[in-house]
Amino acid sequence: MPDVGLESYRSDARRYDELLDSDGHVRSHWRALIHALTADDAAAVRHGVETSRRLIVENGVTYNVYADPQGRDRPWILDPLPVLLTGEEWREIEAGVAQRARLFDALLGDLYGAQRLLADGTVPAELPFGHPNFLWPCHGMKPHADRWLHVYAVDISRSVDGTWWALADRTQAPSGPGYALENRQIVSRVFPDLLNDAGVRSLAGFFLALREHLLLATPEGEVPLAVVLTPGAFNETYFEHAYLARQLGLPLVHGHDLSVRGDTLFLKTLAGLRRVHAILRRLDDDFCDPLELRGDSALGVPGLLGVARAGRVMLANALGSGVLESAAWMGFMPQIAERLLGEKLRLPSVATWWCGEPAALDHVLEHLPDLVIKPAFPNQRFEAIFGRDLTPDAQLELRKRLERRPHAYVAQERLAFSQAPVWRNGPSQPNGFAPRAMGIRVYAVATPTGYVVMPGGLARTSSDAADVVSMQRGGGSKDVWVLERGRRVAEEPPAAAGAAHGIARHDDLPSRLAENLYWLGRYSERCENKARLVRATLDVRANAAFWPTARKTCEHFTPMTLFEDPKGLGLKADLARLGWCASQARSQLSAENWRAIGVMQRDFQEAARAKRDVRETLDALLLSLAALAGYALDDMTQDNGWRMLIMGRRLERLQFFAELLSRRLQSGATPTQNELEWLLDIGDSTITYRTRYLSLPRLTESIDLLVFDQSNPRALAFQWHGIERTAVRLAASLGGVPDDALNASVTKVRSLQLAGLDGASPRAERARQNLAAQLEELRQSAARLSDRLSLKHFSLMDASVRVITA
Amino acid sequence: MKVTQRYRVTHETVYHYGGNVAHSHQLLHLTPREFDRQQRRAHVIKLDPAPSRRHDALDAFGNVETRLEYDAPHDRLAVRSEMQVEVSAPDHAGVGSLEWRAVQNLLRFSGDPPNAAVLEAMRYRMESSYIKPKHVFADYAADCFDAHPDLLGAAAALMTKIHREFKYAPGTTHIRTSALEAFQARRGVCQDFAHIMIACLRSLGLAARYVSGYLRTTPPPGVDSSWVGADASHAWVSVFCPPLGWVDFDPTNDIQVGTGHIVVAWGRDFGDVSPLRGIIIGGGRHRLSVRVSVRAE
């Protein structure tokens, strides 16, 4: 067939070409795709590229160091052209990966048990004992169900003859399966028909197997609870942790969400302590238990090792499994496979020499220019070096290093990665296909019947023609299609998530998340109240009679200087707090909601930097805050987390208005026209007042509107009804009785006579004072209710965790 | 004739917390271990308040490890370890150690099955969290090893050199000071002296372990008690010296260990055997007091 559209794509004799055969023809399993892409014109592909970029931004897919609202996220890079592999090719990879998983599981069992391989000289003791992730406290441990390795990944690539090689093994907490799934979901929206027609194997089964495997750890009669443990929002793959947790339908938790009591691990939830049966961990193993594993850190879960030792929690993967993440193991894998499984290694490792063996060291020193030198242990400050890049002096230096501490270094053959087409477009170059070096990360998960390999994976490409494939270095990623005619075809997009919803329980919400949602609600509302207050106050600046009072009242709540807030009492500081709470509760917020918060923060900071007009800034801010209120009402599942958010909003608004009104009414004289207008403005009720009463504001009517009118979302009555309803629903969901801290003072306020508030008579004044006192009492009960909620639902959160050694 | 010495040791640690500790986990290495040179006649750990849970087990290095959990609020914790032990002197009469180069070779991977003693020693030959082998350590020790081909002699010379060139200065280092930091500061306490000596030995491809325990102190004349208020537990170094086995050196005092040292636990460094280690939740600032008494009987 004519290879239209491929003019810019060139084979490279030194590499295997995924797309073209040795005669320069498109390989048969690529033909349908290439044909479809080149049939019309490049516009289709370009459109696909644009769609995938848009989807990445919209879905908030990031790979970043700081996942904060300041916007330091780096968008994930996905090339929409998949890598295609035939079912036949795949079966060989599949068998090889499953075997390696089995082998590493057995190897961990030996290293943390009898250490037979060390005693018989198969494996140098330096390898485990010199590795910082060999955790002596785990020695002698029997992991849950005798399984060490639950999730395994291996980076593979192929040499020029088409043979696949293992380049690096991931045995601790393999990153990337979530990205692989996200890539598939995006690509399947870009090329829905292609995916169907080509017979691409679905990834969904892998995630279902993972979820099932994690829930398998539950003893008879208990409600299963498995969690995803993340180091937090600052981790470079945090997006993936959150995404994976959502896809698997499991809570995403931090170390301090968990607590060990006796031999049992618990999640601190809104409903109290709930037993956790399994952890899919993305926290490095030496950080998992500060009591036994790492002297200098209070991160992790104190006592976790004890629970694991008692076999009462499944850790995927077992603590200490990181010891196998070193290139030094690779040279020994064939012997280990023989010894532990009695099998030949199906997926060989790239040729590797551990320099601790005198013969290997001699070989390495002799062939330095052909080799890559790597550290044997991950905590060494030594970057991989290509021997051929070294000056004679540097080579000498390296030789000295190797001779002084040979056991700390590994040499590997340089593998010329295979190449695959990516879609290239940009201002400086013509659109079209371009070749890029490529490797694939393949995943396996343990099941009762053996390891299951994800049919596909995460392909990563170099940013240029170099052989370095890594997201950190700016390369891209690709979806991997395993073609199997006649087998399951189309992707069911939210496959795992759909299944998950049936079991996810509302009361699994970690207390920390609930607390952050509550405060997100409060700070959103606080910002809005302050913004309204400052804006309304600035508007009466010209009114010489009223301005001093208005200003004084305003400053009781917040400084009027918007951009200068040295004491952290104003809007600026509250916005930052809002952002922090949001970042902590990110897994509960939609991508749009999260982005809206980020944009709001950026806009405000920009306004502060540019010293923009205050009034204008406040208008923009109030618009953004209104959008947040919209998200709160319309964009969230109405579960207990949402209830905490709404509770926070209602309580904050109640306290603010009760205080504002009571302060004013205490002060004696009946409020002037201007003052009432000002109050209505702050309460966003000016228009309602005008349409309802068709008159200039009077106190009685204003109070009716701002306090008693249940249909006015700004009125106190609206808040206390909302609070009561939410408390009832929380209690119904979590058990117990609704908190009634507010009831008595609400009843008192309601029983007040509205008439007779206006006027200068002593009676009217007494009525106003009385109302002020009742409102103040209401405010205090609201504060009390807030404290009680914290005590009841958030008190499990620990104020300070410290390590003390003597 | 076998030289033995009996001791009665009391090691008391009291934490006064500034506020209530709501929940805590503690890990103790306070039980003297038994081995060929040492017998444990009696031992008890008294705890006030009593813990919610207690669990005793052997750790990976064969030390007795006690895990405690407190789930009721408390603002004070007193841990009192009382023991009676019998220590005998090492018996090296007429036997020397191998040359250190031979020991280096013995500890190097050859593909042949290593013997059990060598495999055991390998645990203490590599890097650990407080002790990262570096060229500077090997260079520092070089003259001692050039002058003494036999390991016993070289280790003794190294001990003497460290004792002479490093200043014993309590308060200048802390519990998390690494071997390298102490080495660069040229000062420290027994923990640091031990770490530095181990770092030198491991940098040369030899195996050495960290020993925590107590040192016999002679009471001043006229005082009816041997409480040494400032003194906590002691630490020194054990060197793998085949065919003798493990030989102990105390670089803080420049002495080879006889019957004056009582062993509690050993590991790769302080981190493996810290006497008390706790994770506390709440509690505010804390005050700590430690008293150790060692009485020869």
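Modeller: H21(A) and H23(A) are roughly parallel to each other, where angles under 35 degrees count as roughly parallel, over 145 as roughly antiparallel, 65 to 115 as roughly perpendicular and the rest as oblique. This is a predicted model, in which local features need pLDDT of at least 70, side-chain atom pairs count only at pLDDT 80 or more, and totals for chains, interfaces and linings use all residues. Residues are numbered from 1 along each chain as its sequence is written, chains are lettered from A and ligands numbered from 1 in the order in which they are written, and side-chain values use heavy atoms, with hydrogens and water left out.

Biologist: At what angle do H21(A) and helix H23 of chain A pack?

Modeller: Two packed helices are described by the angle between their axes and the distance between the axes. Here H21(A) and helix H23 (residues 699–708) of chain A pack at about 10 degrees with axes 11 Å apart, the axes being lines fitted to C-alpha atoms over the stretch in contact and the angles running from 0 to 180 degrees between N-to-C directions. Helices (H or I, at least four residues) and strands (E, at least two) are DSSP runs numbered from the N terminus. A:Leu676, A:Leu679 and A:Leu680 of H21(A) meet A:Leu699, A:Ser702, A:Leu705 and A:Leu706 of H23(A), with contact meaning heavy atoms within 4.5 Å.

Biologist: How do helix H20 and helix H21 of chain A cross?

Modeller: The axes of helix H20 (residues 640–666) and helix H21 (residues 673–682) of chain A come within 12 Å and cross at roughly 175 degrees, which means that H20(A) is roughly antiparallel to H21(A). From H20(A), A:Phe656, A:Phe657, A:Leu660, A:Leu661 and A:Arg664 make the contact, and from H21(A), A:Glu675, A:Trp678, A:Leu679 and A:Ile682.

Biologist: How much area do chain A and chain B bury between them?

Modeller: The size of an interface is often given as the accessible area lost when the parts come together. Chain A and chain B bury about 3,900 Å², 58% of it on carbon and sulfur atoms, counted as the accessible area (1.4 Å probe) that two parts lose on being put together, summed over both. In chain A, A:Trp136, A:Leu291 and A:Ile804 lose the most area to chain B, together 19% of what that side buries. The contact takes 44 residues from chain A and 46 residues from chain B.

Biologist: How many salt bridges does the rule find across the interface of chain A and chain B?

Modeller: The rule finds 3 of them, a salt bridge being a side-chain nitrogen of Lys or Arg within 4 Å of a carboxyl oxygen of Asp or Glu. A:Glu292 forms a salt bridge with B:Arg67, and their closest N and O atoms are 3.1 Å apart.
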